[in-house]
Amino acid sequence: NVKLNGLNFQQWSRAVKITLCTKMKQGFLDGTCGKPALGSPSYDQWIRCDSMVVSWLLNSVDPSLSGAFIYGIQQ
């Protein structure tokens, strides 16, 4: 578990990419898993998965920095 602390971005970024790849969620990070249209049968599932990825990312950031990210992340 590598937490972003402001000095270790490259190590943290690599750890996040590996983790998301193993969970088959890298598309949420690189944009290839686009948000379906509202009303689409897969819309609710996409929102749940996106929220899970956002939660993982926020939990991988040092608490002293997470406040700067929590309101800047858009769904």
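Let me start with asparagine 8, which counts as buried because its relative accessibility is 14%, where buried means under 20% relative accessible area, exposed means over 50%, and partly exposed lies in between, all with a 1.4 Å probe and protein chains only. Please keep in mind that this is a predicted model, in which local features need pLDDT of at least 70 and side-chain atom pairs count only at pLDDT 80 or more, while totals for chains, interfaces and linings use all residues. Residues are numbered from 1 along each chain as its sequence is written, and side-chain values use heavy atoms, with hydrogens and water left out.

Asparagine 8 sits in the segment before helix 1, and by helices I mean DSSP runs of H or I with at least four residues, numbered from the N terminus, as are strands, which are runs of E with at least two. The side chain of asparagine 8 reaches the backbone oxygen of lysine 3 at 2.9 Å, and a polar atom of that side chain also lies 2.9 Å from the backbone nitrogen of asparagine 5. If we leave aside neighbours within four places in sequence, asparagine 8 is in contact, meaning heavy atoms within 4.5 Å, with Val2 and Lys3.

Those two residues, Val2 and Lys3, are also among the lining of the largest pocket, which has a volume of about 270 Å³. Which helix gives the most to this lining? Helix 1 does, with 5 residues, and helix 1 (9-22) and helix 3 (43-59) each supply at least two.

For cysteine 21, which is in no disulfide, the nearest cysteine sulfur is that of cysteine 33, 14 Å away. Cysteine 49 is likewise in no disulfide, and the nearest cysteine sulfur, again that of cysteine 33, is 7.4 Å away. Are these two residues buried or exposed? Cysteine 21 is partly exposed, with a relative accessible area of 45%, whereas cysteine 49 counts as buried, at 14% relative accessibility.

Conventions
1 Å grid on protein atoms, 1.4 Å probe; cavity = no way out; pocket = protein on both sides within 12 Å on 5 of 7 lines; lining within 4 Å. Points joined across faces, edges and corners; volume = space filled by probe spheres on them. Polar contact = N/O pair within 3.5 Å; in protein donor to acceptor, adjacent residues only side chain to side chain. Disulfide = S-S within 2.5 Å.
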